[in-house]
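Hi,

Here is the structure I said I would pass on. Have a look at it first, and then read on for my notes.

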Amino acid sequence: MANILDYLDWRGDLTLKQAPFNEVDNLILAELSFLDLHGIVPGPGQGESVELQWAAQRYFERFPDDVAPDMGVLVPNVIPELLRKMAASNRFGTMRLNAFEDRLDEVDTKQFAALAIECGDGTVYLSFRGTDDTITGWKEDFYLACMPEIPAQKEAVDYTEAVAKRYPRCKLRLGGHSKGGNLAVYAGVFCSLNVQKKIESVWSNDGPGFHSSLLEEPRHQQIADRITTIVPKSSVVGMLLAHDEDYEVVDSDQQGLMQHDGFSWQVQGNHFVHLRNVDRHGQIHDQVMREWLQNMNQEQREKFTDGLFNVLEAGGAKTLSDLKEEGFKAAGAMIKAMKSLDKETREALNYAMKLLFRSNWKAAVETIQQEVEELQQGTLKSNPKNKQLKKAKKS
């Protein structure tokens with residue numbers, strides 16, 4: 001089977017005039033905003049757009065192969081290779097990039113990044129970055145279940161308004177992967193009506209859903225027929241919270257949560273390999289997660305989220321990569337933090353983590369979770385490397 005990199009080899013020679021924009025193009029542009037394009041692509045209102053080929057050249061001068069940036073634990077490291085193939089293609093090479101924005105605010109729990117892409121067919125694609133490697137970004141994701149609006153959603157609306165003003169004669173496409181898909185939909189719903197009329201399509205690529213109240217908003221109904229939601233067959237992230245039931249299911253060559261990786265989605269010709277529905281595993285997980293969330297009120301959700309991330313940040317980690325590198329040290333600090341939580345929050349945290357790992361999550365924190373559970377049960381085997389953990393347990 002093939003993925004979006006193969007698609008670029010197959011159809012990269014066809015311009016948008018020869019073959020119109022499609023769902024695979026959408027995912028490719030959604031992934032592009034994960035790259036660090038500071039100093040290469042102008043910020044909003046800071047200059048004229050630059051050609052993608054030129055931007056790629058500057059990017060690889062900054063990050064040659066021997067110093068390629070680590071995209072983090074859960075962001076695919078092949079995204080730079082995607083840029084390289086795009087730059088070499090007729091389809092994407094002459095597209096122009098503008099309005100790159102990247103903000104991280106640990107105090108306000110905000111992680112937001114976006115990129116405007118002039119497609120050359122009279123449209124501009126607004127690519128909203130999904131959750132990156134930062135713990136702040138993941139904490140903001142969890143707040144989706146607690147708050148009517150998270151900071152990144154407000155940023156997405158403001159960004160859409162600004163780009164629409166910059167391109168008054170262009171139609172807009174909004175899209176993103178993971179949280180970026182949620183931001184795209186939110187911006188499409190809550191931007192001004194004049195801007196909403198300029199939106200041709202909105203793409204949510206395995207993005208988490210919304211509170212059911214948003215789906216009932218008249219503003220949502222006005223744009224609902226322009227929103228396309230795509231999820232893999234065992235979607236975990238994209239099935240969280242409420243979502244429009246009219247979603248597209250695509251095949252993936254990965255298992256469990258790793259299907260969230262857009263590079264695992266299977267491509268055939270100019271489209272993904274579509275399935276009739278999410279598989280049984282995805283349906284069961286969706287039902288369990290929904291019921292669990294519905295049984296918690298907003299105060300409990302906020303308390304759970306704060307407790308979870310106090311534990312994850314206990315050792316000073318700022319990213320998931322930090323957690324992976326810290327290993328035993330992080331686990332020791334996490335055990336201390338777990339003890340400080342009240343019983344209700346601690347039990348909710350344990351249950352939530354079991355749900356995630358039951359979904360075959362292969363992220364770096366899996367090892368740490370196992371160590372924490374063994375320590376709590378007093379079953380960690382004797383090993384010189386574990387002395388620090390045992391000491392932490394006694395303290």
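This is a predicted model: local features need pLDDT of at least 70, side-chain atom pairs count only at pLDDT 80 or more; totals for chains, interfaces and linings use all residues.

Let's start with helix α1, which covers residues 4-11. Its buried residues are Ile4, Leu5, Tyr7, Leu8 and Arg11. Looking down the axis of α1, you will find these buried residues within an arc of 155°, so they line one face of the helix. What does the buried part of α1 pack against? Its partners are two helices, α2 (23-32) and α4 (79-87), plus the strands β9 (267-268) and β10 (271-272).

Next, the rings. The count of aromatic pairs comes to nine. Phe112 and Phe128 make another tilted pair, at 6.2 Å centre to centre and 55° between the planes. This pair links distant parts of the chain, 16 residues apart: Phe112 belongs to strand β3 (residues 110-118) and Phe128 to strand β4 (residues 123-128). Phe112 and Phe128 are buried too.

Phe21, Tyr125 and Trp203 are joined into a cluster by ring pairs. Phe21 also has a charge over its ring: the charged end of Arg173 sits there, 3.9 Å from the centre. Elsewhere, Arg166 lies over the face of Tyr167, 4.9 Å from the ring centre.

Finally, the sheet. It is an open one of nine strands with mixed pairing, in the order β1-β2-β3-β4-β5-β6-β7-β8-β11. Which strands stand at the edges? They are β1 (50-51) and β11 (274-275); each has a single partner strand, so one side of each is left without a neighbour in the sheet. Further in, β7 (residues 227-232) and β8 (residues 248-250) run parallel and are joined by three bridges. Ile230, for instance, has Glu248 in β8 as its bridge partner.

Cheers

Conventions:
Residues are numbered from 1 along each chain as its sequence is written. Side-chain values use heavy atoms; hydrogens and water are left out. Buried means under 20% relative accessible area, exposed over 50%, partly exposed in between (1.4 Å probe, protein chains only). Helices (H or I, at least four residues) and strands (E, at least two) are DSSP runs, numbered from the N terminus. The arc is that of the directions from the helix axis to the C-beta atoms. Contact means heavy atoms within 4.5 Å. Rings of Phe, Tyr and Trp (its six-membered ring) pair if their centres lie within 6.5 Å; planes under 30 degrees apart count as stacked, over 60 as edge-to-face and the rest as tilted. A charge sits over a ring if NZ of Lys or CZ of Arg is within 6 Å of the ring centre and within 35 degrees of the ring normal. Two strands pair if DSSP finds at least two bridges between them.
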